[in-house]
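Hi there,

Here is the structure I promised to pass on to you. Have a look at it first, and then read on for what turned up.

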Amino acid sequence: MSQRIAVVSQKGGVGKTTVALNLAVAFAERGKKVLLADLDPQGAIGLSLAKGDAALVGLAEVLTGRARPEDALTTTKLGGLTLLSRGRLDPADVPAWEQALFSPDALLGVVKALESRFDVVLFDTPAGLGMATRAALAVSEWTLIVTQAEALALRSMSQLMRVLEHVKQTQNPGLKVLGFLPTFVDLKKDSSRVVMDELWTGFAGVLDTMIPRADVFALASQRGVPLAFLGGPMTPEARRFDQLAAELETHLVTHGAAHDAPRAERHLL
């Protein structure tokens, strides 16, 4: 069974889709077989790759019975990375799409049909705590919480934690927090440092990796590529995502080992 990770944030503008896309690339470049599923009704992954609303078949077609899950996959030029896009969705149909996604076992059925071929399934969710995010949390083993290093994001964190607890109590008791990933971090600024200090003291599981504020993210978005696919020397920010993938792999192995069944004593000779 693959590791299912929901990438979530309680507010917009924190770089969540940027994190999901570049983390998926980093996992794939480290040898993992990765499925990146776009659960954002705006099709944020497709937009990040400069694809239009009608460019990619995906979840919309699967949820309406117009395509099988395996026929809705998009193979990328990075061998280990496959996309499950939002699909061709009329903006006027977003409420119906969210309702279909939130229907019991709808997303689970799609995942089960596909996950045997992947090591990691990453769900990019829309900002906020609505139906698409809840659908992802209901089928995931892990959640990666992306939070901007600014005061408003920190003040609203309790809303996300309440939803996570509710999902654990009512839908998915095995859901665990993989870590809190700070973004737009600038430790030269007092405001950013203050928020980071509150994160470090107030929340267990803040990751060592931080994503800084940097102009290269806007450049990659403009070009429609992940950071690692920009021409020229590898940027420090792209290396951050390799560092993030390595840190998360360690967490996954460590937490996974805690759930292994006890082993009987054995003898080598």
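Let me begin with the largest cavity, whose lining is made up of three nonpolar, six polar and four charged residues. Please keep in mind that this is a predicted model. The largest cavity holds about 110 Å³ of space. A total of 13 residues line it, and the closest to its centre are Gly43, Gly46, Gly52, Arg86 and Gly87. Searching the whole structure for cavities of 30 Å³ or more gives one.

Next come the aromatic rings. A pair of aromatic rings is described by the distance of the centres and the angle of the planes. The structure has two such pairs. In one of them, the ring centres of Phe180 and Phe203 are 5.3 Å apart and the planes stand at 50 degrees; planes under 30 degrees apart would count as stacked and over 60 as edge-to-face, so this pair is tilted.

Where do Phe180 and Phe203 lie? Phe180 belongs to strand E7 (residues 176-183), while Phe203 is in the loop between helix H9 (190-202) and helix H10 (216-223). The two are 23 residues apart in sequence, so the pair ties together separate parts of the chain. As for accessibility, Phe180 has a relative value of 3% and counts as buried, whereas Phe203, at 22%, counts as partly exposed. The cut-off explains this: buried means under 20% relative accessible area.

The other pair is formed by Phe217 and Phe241, and it is edge-to-face, with 6.5 Å centre to centre and 80 degrees between the planes. This pair also links distant parts of the chain: Phe217 sits in helix H10 and Phe241 in helix H11 (residues 236-257), 24 residues apart.

One more ring is worth a look while you have the model open. Lys176 lies over the face of Trp142, at 4.5 Å from the ring centre.

Finally, please turn to helix H5, which covers residues 106-114. Its buried residues are Leu107, Val110, Val111 and Leu114.

Do write back with any questions.

Best wishes

Technical notes
Residues numbered from 1 in each chain as written. Predicted model: local features only at pLDDT ≥ 70, side-chain atom pairs only at ≥ 80, totals over all residues. Heavy atoms only, no water. Buried < 20%, exposed > 50% of the residue type's maximum accessible area, 1.4 Å probe, protein only. Helix = DSSP H or I, 4+ residues; strand = E, 2+ residues; numbered from the N terminus. Phe/Tyr/Trp six-rings, centres within 6.5 Å; stacked < 30°, edge-to-face > 60°. Lys NZ or Arg CZ within 6 Å of the ring centre and 35° of its normal. 1 Å grid on protein atoms, 1.4 Å probe; cavity = no way out; pocket = protein on both sides within 12 Å on 5 of 7 lines; lining within 4 Å. Points joined across faces, edges and corners; volume = space filled by probe spheres on them. Nonpolar A, V, L, I, M, F, W, Y, C, P; charged D, E, K, R; others polar.
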